[in-house]
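Please walk through the helix packing in this structure.

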Amino acid sequence: MAAEIVNPRSDSDSGAAQDGGAEPLDSFDAFDPAFALHRGGKMAVQATVPVRDKDDLSLAYTPGVAKVCSAIAEQPELVHDYTWKSAVVAVVTDGTAVLGLGDIGPEASLPVMEGKAILFKQFGGVDAVPIALDCTGVDEIVETVVRLAPSFGGINLEDISAPRCFEIERRLQERLGIPVFHDDQHGTAVVTLAALRNAARLTGRTLGQLRAVISGAGAAGVAIAKMLIEAGIGDVSVADRKGVVSRDREDLTPVKRELAELSNKAGLTGSLESALAGADVFIGVSGGTVPESAVASMAEGAFVFAMANPNPEVHPEVAHKYAAVVATGRSDFPNQINNVLAFPGIFAGALQVRASRITEGMKIAAAEALAAVVGDDLAADYVIPSPFDERVAPAVTAAVAAAARAEGVARR
């Protein structure tokens with residue numbers, strides 16, 4: 001499969017009216033290059049073997065293919081050697097939490113899923129197939145993906161709203177012997193941890209000396225908190241719309257209840273703004289706006305990772321007044337926290353060793369490898385490498401593969 005950008009539009013169909021006399025879609029192309037690029041989709045399937053004559057055909061299809069099918073039937077593990085299974089990932093969504101657009105449905109999610117697939121190919125050499133499901137129930141999604149799984153070496157869950165995403169991932173990993181990875185959670189967490197490690201190194205501190213506050217208790221916020229705890233953060237508190245997630249609250253979901261038990265050693269209560277007083281780190285994954293006065297109340301030499309798109313919770317111009325390191329989710333500012341730094345290499349490493357799952361150790365290894373790419377070039381405006389740094393994917397791939405072997409989940 002070739003995850004390549006294509007534009008099959010020809011002059012003969014340019015401006016063709018849609019059924020029912022609707023406005024021609026080409027009118028969008030004239031005003032926005034994004035429509036022109038997306039027309040016809042961003043992907044194509046490409047054969048890896050030639051079919052030039054009857055001899056090629058007899059090998060690629062019948063009768064030659066029957067020998068391979070029979071061998072796999074006798075020894076199922078051969079599927080990894082004689083099909084694309086170990087080199088392809090399903091990118092699965094239900095369209096309920098697409099970018100910042102929310103619940104826009106499966107069809108409208110497809111441009112994003114295609115984009116995700118070509119990023120897998122471009123940055124990790126991994127083929128990926130976008131699959132948008134017309135169902136939102138946890139049981140329905142789990143059962144559907146389980147039935148699709150024999151075709152794939154891994155499952156990347158994408159843009160599925162919380163809290164369902166937590167249970168869907170857990171149940172799929174319990175039932176499948178291949179990696180299941182919700183990128184909105186773990187990809188974000190890996191890149192955040194890498195950037196935070198380097199920010200701490202830049203300022204002569206360790207993770208254990210930092211107190212962090214996370215705005216947002218959805219998929220990304222919960223995953224970041226758990227990974228920071230696993231990595232040894234001094235303390236981390238998470239705030240949702242009702243304030244700090246703390247043990248005394250009676251309105252917590254099971255996921256937030258578990259989070260309250262793991263985090264917030266200081267026992268903070270009340271608002272996000274009050275929690276930021278004296279904090280070393282702000283991590284925003286929720287949108288909204290944090291008042292400048294709250295940012296000003298943070299500790300000297302603080303870090304502000306305001307990652308909401310397109311509008312960061314704290315604008316960099318404001319953050320730079322008070323913070324030693326500023327990061328966002330945007331490509332037009334330094335230190336972009338971009339998941340593409342993580343998921344292609346993580347899956348490439350897991351597929352390389354045919355891992356049965358992606359462990360916490362593999363994710364932390366990915367973060368450490370990503371942080372190490374920066375090396376001696378570390379600076380306030382360079383705590384995380386660019387997605388176009390060609391060292392990134394190989395470093396993450398190697399680290400994840402090694403961690404999988406060390407943790408006993410590799411099968412080759």
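The model is predicted. Begin with α6, which runs over residues 106-124. This helix has 19 residues and reaches 25 Å from its first C-alpha to its last. That is close to the 27 Å expected at 1.5 Å a residue. The helix is not straight throughout: α6 bends by about 30° at V112. Just after α6 comes G125, with a positive phi of about 70°.

Now look at burial. The buried residues of α6 include P106, S109, M113 and E114. What do the buried residues of α6 pack against? Three strands take part: β1 (88-93), β2 (127-132) and β3 (154-157). The helices are α9 (183-202), α15 (343-352) and α17 (392-406).

Take α9 with α16, residues 360-374. They pack at an angle of about 45°, with their axes 8 Å apart. Angles between 35 and 65 degrees count as oblique, so α9 is oblique to α16. The crossing of α9 and α16 is right-handed. On α9, the contact is made by H186, V190, V191, L193, A194, R197 and N198. On α16, the contact residues include K363, I364, A366, A367 and E368.

The second pair is α15 and α17. Their angle is also about 45°, and their axes lie 7 Å apart. These two helices are therefore oblique to each other. α15 passes α17 in a right-handed crossing. G345, I346, A348, G349, A350 and Q352 of α15 meet A393, V396, T397, V400 and A401 of α17.

Note on methods
Residues are numbered from 1 along each chain as its sequence is written. This is a predicted model: local features need pLDDT of at least 70, side-chain atom pairs count only at pLDDT 80 or more; totals for chains, interfaces and linings use all residues. Side-chain values use heavy atoms; hydrogens and water are left out. Helices (H or I, at least four residues) and strands (E, at least two) are DSSP runs, numbered from the N terminus. The expected span of a helix is 1.5 Å times one less than its number of residues. The bend at a residue is the angle between axes fitted to the seven residues ending there and the seven starting there. Buried means under 20% relative accessible area, exposed over 50%, partly exposed in between (1.4 Å probe, protein chains only). Contact means heavy atoms within 4.5 Å. Axes are lines fitted to C-alpha atoms, for helices over the stretch in contact, and angles run from 0 to 180 degrees between N-to-C directions. Angles under 35 degrees count as roughly parallel, over 145 as roughly antiparallel, 65 to 115 as roughly perpendicular and the rest as oblique. A crossing is left-handed if the near helix is turned anticlockwise from the far one by less than a right angle, and right-handed if clockwise.
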